[in-house]
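User: I would like to learn how to read the features of a structure like this one. Please take them one at a time, with the general idea and then the case at hand.

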Amino acid sequence: MTQATSFAARPQAQPRSVFRVFRDIPTRWADNDVYGHVNNVVYYSWFDTAVNAYLIEQGALDIHQGQTIGLVIETQCNYFAPLAFPQVVQAGIRVAKLGRSSVRYEIGLFAQGEAMSAAVGHFVHVYVDKTTRRPCEVPTVLRVALEPLVLPIAEGETS
């Protein structure tokens, strides 16, 4: 296998237009690392913040009394441009796959006002019963909140 065939297409920065909703997240002094930009681990906390805040605002996630919780089973991030304190980061959210018991969230992180993402990542939640930790169907209220964020399937693709 050649190097060209052993790797998927190189990830690319993405435009704002491919994300459905946005959330402003101010950077903090503590987010910067010794190299003068936001440390990579902070990006993952922004993913959680953007998605979970959206779900709470939509009434689809009750972190205290809810009987269904989402467990992260996969995550990834690709970086294209640095972000640093003091900046406002704008997190765009979309849903790439809304399954029976799982959701693939995709998040684009943008410097405020920039047209192209500084980073793009994803994580997959499997929804489980809070007590048994066994997979369960995505609750209706959650499905209703997520459907507007689902990417349309491109011609020739299958879901």
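**Reading the model**

Analyst: His125 is buried, at 5% relative accessible area, where buried means under 20%, exposed over 50% and partly exposed in between (1.4 Å probe, protein chains only). The model is predicted, so local features need pLDDT of at least 70 and side-chain atom pairs count only at pLDDT 80 or more, while totals for chains, interfaces and linings use all residues. Residues are numbered from 1 along each chain as its sequence is written, and side-chain values use heavy atoms, with hydrogens and water left out.

User: Where is His125 found, and with which residues is it in contact?

Analyst: His125 is found in strand S5; helices (H or I, at least four residues) and strands (E, at least two) are DSSP runs, numbered from the N terminus. Contact means heavy atoms within 4.5 Å. Beyond four places in sequence, the contacts of His125 include Asn52, Gly70, Leu71, Val72 and Tyr105. Its side chain also makes a polar contact with the side chain of Tyr127, at 3.1 Å. A polar contact is a pair of N or O atoms within 3.5 Å; within protein, one must be able to donate a hydrogen and the other to accept it, and residues adjacent in sequence count only if both atoms are side-chain atoms.

User: How do I read the sheet, and what is the order of its strands?

Analyst: Strands of a sheet pair through backbone hydrogen bonds, either parallel or antiparallel. Two strands count as paired if DSSP finds at least two bridges between them. Here five strands form an open sheet in the order S1-S3-S4-S5-S2, with antiparallel pairing. S1 and strand S2 (68–79) are at the edges with a single partner strand each, so one side of each has no neighbour in the sheet. On average, neighbouring strands are turned by 25° against each other, direction ignored. H2 packs on this sheet and touches S1, S2, S3, S4 and S5; the direction of H2 makes about 140° with that of S2. Axes here are lines fitted to C-alpha atoms, for helices over the stretch in contact, and angles run from 0 to 180 degrees between N-to-C directions.

User: How many bridges join S3 to S4, and how many join S1 to S3?

Analyst: S3 and S4 pair antiparallel over nine bridges, and they form a hairpin with three residues between them. Within that pairing, Val89 has Ala111 in S4 as its bridge partner. Between S1 and S3, also antiparallel, there are six bridges; Arg23 is partnered by Ala91 in S3. S3 is mostly covered, with eight of its 11 residues buried.

User: What should I look for in a nonpolar core, and which residues touch the most other members here?

Analyst: In soluble globular proteins, nonpolar side chains tend to be buried together. A nonpolar core is a set of buried Ala, Val, Leu, Ile, Met, Phe, Trp, Tyr and Cys residues joined through side-chain atoms within 4.5 Å. The largest one in this model has 33 residues, and Leu55, Leu83, Tyr105, Leu109 and Leu146 touch the most other members. Two or more residues come from each of helix H2 (40–57), strand S3 (88–98), strand S4 (102–111), strand S5 (119–129) and helix H3 (140–146). H2 gives the most, with eight residues. Beyond four places in sequence, the contacts of Leu83 include Tyr43, Trp46, Val89, Leu109 and Ala118.

User: How many disulfides are there?

Analyst: A disulfide is a covalent bond between the sulfur atoms of two cysteines. The rule used is a pair of cysteine sulfur atoms within 2.5 Å, and the count is zero. Cys77, at 10% relative accessibility, counts as buried, and so does Cys136 at 19%.

User: What about Thr68 and Thr140?

Analyst: Thr68, in strand S2, is partly exposed at 23%. Among its contacts beyond four places in sequence are Tyr127, Cys136 and Pro139. Thr140, in helix H3, is exposed at 61%.
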